[in-house]
Amino acid sequence: MNRIAGQFTSLESIGANYQKQRNISNQSIPASQDTFQKVLLEKQKKCDSDGVMFSKHANQRLQSRNMNLSQEQLERLNAGVEQAREKNIRESLILVDNMSFIVNVTNNTVVTALNGEDEQNVFTNIDGAVIS
């Protein structure tokens, strides 16, 4: 290192050492970041093509409220999520027949579910609604 006045190191020397160490550490990291990015994109595409996922909470609500979705209702729910996505809605209320679903559109995940018999009819923290 270049010593200035016997006790200080020049900024150029510090910068050069930092750059050298950074180049060495970058070389030792495998190109797994590209692989991770590919896997992440594939998983996202799979979720998009498979339709919505149901959170643990939503599954519990479906079971406790004895709600069963037919294939046609599930397709309508997925269509509603797509409509919400096209309108750039992030948190949406999707209405299918007498059932209500709060969906995180960004994550393609049903957060909770209600049926028409529930007395609760106030929905918060949503930025759009779709009747499907």
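**Entry 1: Asn104**

I began with the side chain of Asn104, which makes a polar contact with the side chain of Glu91 at 2.9 Å. I counted as polar contacts pairs of N or O atoms within 3.5 Å; within protein, one atom must be able to donate a hydrogen and the other to accept it, and residues adjacent in sequence count only if both atoms are side-chain atoms. The model is predicted, so I took local features only at pLDDT of at least 70 and side-chain atom pairs only at pLDDT 80 or more, while totals for chains, interfaces and linings use all residues. Residues are numbered from 1 along each chain as its sequence is written, and side-chain values use heavy atoms, with hydrogens and water left out.

I then found that the side chain of Asn104 also reaches the backbone nitrogen of Asn107, at 2.9 Å. Asn104 counts as buried because its relative accessibility is 15%; buried means under 20% relative accessible area, exposed over 50% and partly exposed in between, with a 1.4 Å probe and protein chains only. Leaving aside neighbours within four places in sequence, I listed Arg90, Glu91, Thr109 and Val111 in contact with Asn104, contact meaning heavy atoms within 4.5 Å. Asn104 is found in strand S5.

**Entry 2: the sheet**

I took helices (H or I, at least four residues) and strands (E, at least two) as DSSP runs, numbered from the N terminus. Five strands form an open sheet with mixed pairing, in the order S3-S6-S5-S4-S7; two strands pair if DSSP finds at least two bridges between them. Strands S3 (53–54) and S7 (128–131) are at the edges with a single partner strand each, so one side of each has no neighbour in the sheet.

The covered face of S7 holds Gly128 and Val130, the uncovered one Ala129 and Ile131. In a regular strand, side chains alternate between the two faces of the sheet.

**Entry 3: helices and chain**

I looked next at the helices across the sheet. H3 (residues 56–64) lies across S3, S5 (99–104) and S6, at about 20° to S6. H4 (residues 71–86) lies across S3, S4 (91–96), S5, S6 and S7, at about 145° to S4. Axes are lines fitted to C-alpha atoms, for helices over the stretch in contact, and angles run from 0 to 180 degrees between N-to-C directions.

Buried residues make up 27% of its 132 residues.
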